[in-house]
Amino acid sequence: MNFLNFLVAGVSLGSIYAIIALGYTMVYGIAKMLNFAHGDVIMIGAYVAFFSINSQSLPPVVAVLLAMAICTLLGVMIEYLAYRPLRNATSLAVLITAIGVSFFLQNFALIRWGSSPKNFPTVVPFGKITLFGGDLIISGEAITTILTCLLVMVLLTTFTQKTKMGKAMRAVSEDKAAAQLMGINVNYTISITFAIGSALAAIAGVLLCSMYPLLNPTTGAMPGIKAFTAAVFGGIGSIPGAMIGGILLGIIEIFGKAYISNQLSDAIVFAVLIVVLLVKPTGLMGKKIRVKV
Amino acid sequence: MKLLRNHRAGLDGFINYGLVLVFYFIMQFLQNGGNLTSTFTSQLVPICVYMIMAISLNLVVGISGELSLGHAGFMSVGAFSGVVASASLMESVSSAPLRLALAILIGGIVAALAGVLIGIPVLRLNGDYLAIVTLAFGEIIKNVINCLYVGLDNAGLHISIKSAEALGMDTAGKLLINGPIGAAGVTRISSFFSAIVLLLITLFVVQNLIHSRSGRAIMAIRDNRIAAESTGLNIIKYKMMAFVTSAAFAGMAGTLYALNLSTVVAKKFDFNTSILVLVFVVLGGLGNLRGSMIAAALLTILPELLREYQEYRMLVYSIILILVMLITNNDTLKDMKQRAVMKIKTVLNGSNKSTKAKQAGGAES
């Protein structure tokens, strides 16, 4: 039954990666940029939730909503101030700017909230479920995470497939110039993408810190890198790809930790990524774009 | 025409050597006069190390046109193999400079081997996928070295990735690399002079590579892969050449860096270090070696200069980074900068302003 326990842990960790990866993959799909500051938006979201629960004693649901609102604002602001002026610049210039933003957010958090880790309270209202006479224990956090992830997935797919804005997003991601000619406001569409991605980052931040309750200014960095890996793993730009990539990455990480080596688990995750990319160079669900001469 | 270009390339290279020498003599002069603070003196070798890192990364990112996010991995490989080499040669080679040179050579060779191993899979990919795989390799290297144990006793080297006990050394054995604790008690044999020498060697090799037939092939592949391939260039061979050369120099820089410190841990060479070097390269200008060197030196000193603001310095650093990127890459701001520069130039020499303006315009296009 250990196996099932590990599987549950893997899927719930993977769900968090998946939610973060959605933010990466949407931004990449539409703005064609690697938003390295995404991981730090997660951290800011977690801090906002932490202080609204601990200092303002708000109920967890309100805290999460507040975190989402602030992160949305933050994401749109970052896009407006740092990325929009570079819309026509090389992708490398945008990447370095994103790294600058990431440094800024981390150091802002360091000055504002200090480097000592905060102990994050749980936001999950219900307890664990015990199955098979105590052999399989599913924590409340795991259930919430997995359910949230499914909900986000369904909502996001419906949004991109059924709504007018979603259609505009798909159009912009395919061809920016053509979309503009069809009367789509490209800048507005990109802002909305950042807003959605950052709101998801806030949710991911709260879930991440409920599961691993230590919060410090670099909390978002490693999960950010891994979620980015997950997005590439699934095929960057693809929403179902980010989901599958995230969950697989979580499972691989937990199984690697449990069965192979605790210290080498990160190396195993990245090694699997490399193997996948060598076999399928555009990720699991990525589209292969042929270059015509 | 060809002669002229070669001549200009050679002159450009000599300016770089000259700059390095000027930097060396100024620093020596200041140091002898007692004008350098101790923190600044301790930054001299790291400055050179980061210059070498920036030059070598520029070879991959600027000249070969592949975004690498794992350059610190090669530095790490070089650092730890250099530490092991230096400790192993402690008895057989008594002269410290010679031992340093051998350690750097070994560090470079091991890093070059790692470059070959990593380059084979990596260079089959393109664009962002290539970037993420280099990131992945950087993380793997960090992770593996973080649980690597190396010991030295009379029987030779012992290597394990489990624990120090699993090495099975005899009682006289000395633990060189102790997993997450890293390499402690390293004999510090790096000097500013040796760093400058390695920097000059790096410049020499990279500049000559760029201006050789191979270098032109590498740049042709960067500019248009398909066109280059159709003229019969072996893409993988030339990409590999740039990648492995870059890895070798990163390894040498790593050795130099490690032998300048008494304790080295694998965590030092993480994603942030790779990014730091990438920032030097991008700020200095892609493909511009002198720019890389200057950016590396300035950005290594900048946090030291901002020391009086203590906690705010990294915040200021990040803001400066964002602003510089915006000013150098945004079209409107670039125009404003251009106009300001022109205005200053015309004010400075009003007599021949028409020719100056023409020249400035020509340089821009």
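Predicted model: local features only at pLDDT ≥ 70, side-chain atom pairs only at ≥ 80, totals over all residues.
Chain B contains 15 helices and 3 strands. Its C-alpha atoms occupy a box of roughly 80 × 60 × 40 Å along the principal axes. Among contacts in chain B with a separation of 6 or more, 74% join residues 24 or more positions apart. The domain assignment divides chain B into domain 1 (2–314) and domain 2 (330–365), and the centres of these two domains of chain B, taken over C-alpha atoms, are separated by 38 Å.

Helix α3 of chain B comprises 20 residues (44–63). From first to last C-alpha, α3(B) reaches 27 Å, close to the 28 Å expected at 1.5 Å a residue. A bend of about 30° is located at B:Leu57. α3(B) is mostly covered, with 20 of its 20 residues buried. After α3(B) comes B:Gly65, which has a positive phi near 75°.

The largest nonpolar core has 208 residues, of which A:Ala46, B:Met51, B:Ala54 and B:Val279 touch the most other members. The greatest contribution to this core comes from helix α1 of chain A (residues 2–31), with 17 residues. Neighbours within four places in sequence aside, the contacts of B:Val279 are A:Ile96, A:Ile99, B:Leu299 and B:Leu321.

Definitions and conventions
Residues numbered from 1 in each chain as written. Chains lettered and ligands numbered in written order. Helix = DSSP H or I, 4+ residues; strand = E, 2+ residues; numbered from the N terminus. Expected span 1.5 Å × (residues − 1). Bend = angle between axes of the 7 residues up to and from the residue. Buried ≥ 20, exposed ≤ 12 C-beta atoms within 10 Å, placed from the backbone. Core = buried A, V, L, I, M, F, W, Y, C linked by C-beta atoms within 7 Å. Contact = placed C-beta atoms within 7 Å. Domains from an automatic or database assignment.
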